[in-house]
Each structure stands twice: as structure tokens, then as C-alpha cells.
Amino acid sequence: MESPDVAQVAADTSDPRAGLRAVASLRVLADALELRQVEAGLRAGMSWQQVADALGVSRQAVHKKYAKRIDQTIPVPRRQS
């Protein structure tokens, strides 16, 4: 099933079981896409703070979620103190 089809099923409340499965699938897709975008941002030289700002979360939250999941070959800018 294509993503737009899954989104339609997720939005349709006539079959909650199918809708819930679709929502779970979209969540997995969104998480995978977010990781790809975080990695792309870091490769482009964005700081953890800039990534966090773009996602609307704290720097600590985005670092905790992704620091160990990102491609470890990405040169991550260090926080200036």
C-alpha cells in the first residue's frame, strides 16, 4: 500500500482496526524519514540545536533520540561552551 493510501485509511474512522494499523505504519514511516532528515541536516553542518529548532523540540530531546542512531561517520558539530 502506498503512503497516500495508508494516510487515507488512517484518516477513515469507519474501520478502527485498519485505521490503527495504518497510523502505526505512518508512525514507522515518519520516524524513518525523521532520522534521514536529521542525518542530512548534520551532514549539511547543522548543529543539534538547529535540528531541534526545526523539529520543535529541545536540543537535549533530539540528541537523546538520535545521537546513537545516526550514521556514526557523520561529523557532528560539538557544542560551543
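Me: Why is Arg27 called exposed?

Reply: The model is predicted, so local features need pLDDT of at least 70 and side-chain atom pairs count only at pLDDT 80 or more, whereas totals for chains, interfaces and linings use all residues. Residues are numbered from 1 along each chain as its sequence is written, and side-chain values use heavy atoms, with hydrogens and water left out. Arg27 has a relative accessible area of 53%. Exposed means over 50%, buried under 20% and partly exposed in between (1.4 Å probe, protein chains only); Arg27 is therefore exposed. Arg27 lies in helix H2, a helix being a DSSP run of H or I with at least four residues, numbered from the N terminus. The C-alpha atoms of Arg27 and Gln60 are 22 Å apart in space, while the two residues are 33 apart in sequence.

Me: What makes Ala11 exposed, and what makes Ala40 partly exposed?

Reply: Ala11, in helix H1 (residues 3-11), has a relative accessible area of 61% and is therefore exposed. Between Ala11 and Val23, twelve residues apart in sequence, the C-alpha distance is 8.5 Å. Ala40, in helix H2, stands at 36% relative accessibility and so counts as partly exposed. Its C-alpha atom is separated by 10.0 Å from that of Val51, eleven residues away along the chain.

Me: How do you know that Lys65 and Glu34 form a salt bridge?

Reply: The closest N and O atoms of Lys65 and Glu34 are 3.1 Å apart. A salt bridge requires a side-chain nitrogen of Lys or Arg within 4 Å of a carboxyl oxygen of Asp or Glu, so the pair qualifies. Lys65 lies in helix H4 and Glu34 in helix H2, so the pair ties together parts that are 31 residues apart in sequence. Both residues are partly exposed, Lys65 at 37% and Glu34 at 23%.

Me: Which residue forms a salt bridge with Asp71?

Reply: Arg43 does, with the closest N and O atoms 3.1 Å apart. This pair links distant parts of the chain, since Asp71 is in the segment after H4 and Arg43 is in helix H2, 28 residues apart. Asp71 has 28% relative accessibility and therefore counts as partly exposed. The structure holds two salt bridges.

Me: Why is Glu39 called buried, and why has Glu39 no salt bridge?

Reply: Glu39, in helix H2 (residues 16-43), has a relative accessible area of 14% and is therefore buried. Its nearest side chain of opposite charge (Lys and Arg count as positive, Asp and Glu as negative; His and the chain ends are not counted) is Arg43, at 4.3 Å. That distance is not within 4 Å, so no salt bridge is assigned. Leaving aside neighbours within four places in sequence, Glu39 is in contact (heavy atoms within 4.5 Å) with Arg69, Ile70, Asp71 and Ile74.

Me: Why are helices H3 and H4 called roughly perpendicular?

Reply: Helix H3 (residues 48-55) and helix H4 (residues 59-66) pack at an angle of about 100 degrees, with their axes 8 Å apart. Axes are lines fitted to C-alpha atoms, for helices over the stretch in contact, and angles run from 0 to 180 degrees between N-to-C directions. Angles under 35 degrees count as roughly parallel, over 145 as roughly antiparallel, 65 to 115 as roughly perpendicular and the rest as oblique. H3 and H4 are therefore roughly perpendicular to each other.

Me: Which residues of H3 and H4 meet?

Reply: Trp48, Gln49, Val51, Ala52 and Leu55 in H3 meet Arg59, Val62, His63 and Tyr66 in H4. By class, this contact has six nonpolar, two polar and one charged residues. Here Ala, Val, Leu, Ile, Met, Phe, Trp, Tyr, Cys and Pro count as nonpolar, Asp, Glu, Lys and Arg as charged, and the others, Gly among them, as polar.

Note on methods:
Helices (H or I, at least four residues) and strands (E, at least two) are DSSP runs, numbered from the N terminus.
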